[in-house]
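Please have a look at the sequence and the structure on the screen before I start.

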Amino acid sequence: MTLTQPAPTAPAPAADATEDPTGDEDLCASVDRPHPRPHGRDLYSISEVAAHTGLSVHTLRWYERIGLMPHIGRSPTGQRRYTNRDLEWLAFVGKLRLTGMAVADMVRYADLVRQGDHTYPERRALLVATREDVRRRIAELNSTLAVLDFKIDLYGTEEHRS
């Protein structure tokens, strides 16, 4: 089955160690698209993940190599096997990329996540700084938009139509 094929409609398997035992939804996941397969039956090849995320196979391997991706499971033959949790992480990384966050900062954030809950203050500080950068860029874009709106309105007046 590929990511574009619908999953069979069998009952979902019982929770296993790969699922969040609390049942809490990770709002940081920022998944824009639903998972192609239910938890427990969510092993994807690298080419399936590339097709689902729009990232190249090369980029996925690079993310793993630089430490941006958590440990990726392997099949008995050594092929990477991604899970829904990996898809969620990639969606979050995509959001971080859109903020303009430096790759080194993304890798640092990923490392902090791997270190555990005691790194919450550092993670928060990194995200707060990124949010401030985003707000500054939004303000610049709003200012630029105002100039464009002014010029568009100016060209729409009678005296400039001739």
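Residues are numbered from 1 along each chain as its sequence is written, and side-chain values use heavy atoms, with hydrogens and water left out.

The protein chain has five helices and two strands, where helices (H or I, at least four residues) and strands (E, at least two) are DSSP runs numbered from the N terminus. Along the sequence their order is α-α-β-β-α-α-α.

How confident is the predictor? On pLDDT, which is the predictor's confidence in each residue on a scale from 0 to 100, the protein chain has a mean of 83, with 78% of its residues at 70 or more. Over residues 1-27, however, the pLDDT is below 50, although this stretch has 26 contacts in the model beyond near neighbours in sequence, a contact being heavy atoms within 4.5 Å. Where pLDDT is low, the predicted coordinates should not be read in detail.

Of the 162 residues of the protein chain, 27% count as buried, meaning under 20% relative accessible area, with exposed being over 50% and partly exposed in between (1.4 Å probe, protein chains only). Among the contacts with a separation of 6 or more, 58% are between residues 24 or more positions apart.

Let me turn to helix α1, residues 46-53, in which Ile46, Glu48, Val49, Ala50 and His52 are buried. The cover over these buried residues includes α2 (57-66), β2 (80-81) and α3. Just after α1, glycine 54 takes a positive phi of about 85 degrees.

Now to the helix pair. Helix α3 (residues 84-99) and helix α4 (residues 103-115) pack at an angle of about 145 degrees, with their axes 11 Å apart; the axes are lines fitted to C-alpha atoms, for helices over the stretch in contact, and angles run from 0 to 180 degrees between N-to-C directions. Which residues make the contact? From α3 they are Trp89, Phe92, Val93, Leu96 and Arg97, and from α4 they are Met106, Tyr109, Ala110 and Val113.

Alanine 91 lies in helix α3, and it counts as partly exposed because its relative accessibility is 22%. Its C-alpha atom is separated by 9.1 Å from that of arginine 33, a residue 58 residues apart from alanine 91 along the chain.

Arginine 108 sits in helix α4 and, at 35% relative accessibility, is also partly exposed. Leaving aside neighbours within four places in sequence, arginine 108 is in contact with Gln115 and Glu122. Arginine 108 and leucine 68 are 40 residues apart in sequence, and 8.2 Å apart in space from C-alpha to C-alpha.

Finally, glycine 40 belongs to the segment before α1, and its relative accessibility of 41% makes glycine 40 partly exposed.

Conventions:
This is a predicted model: local features need pLDDT of at least 70, side-chain atom pairs count only at pLDDT 80 or more; totals for chains, interfaces and linings use all residues.
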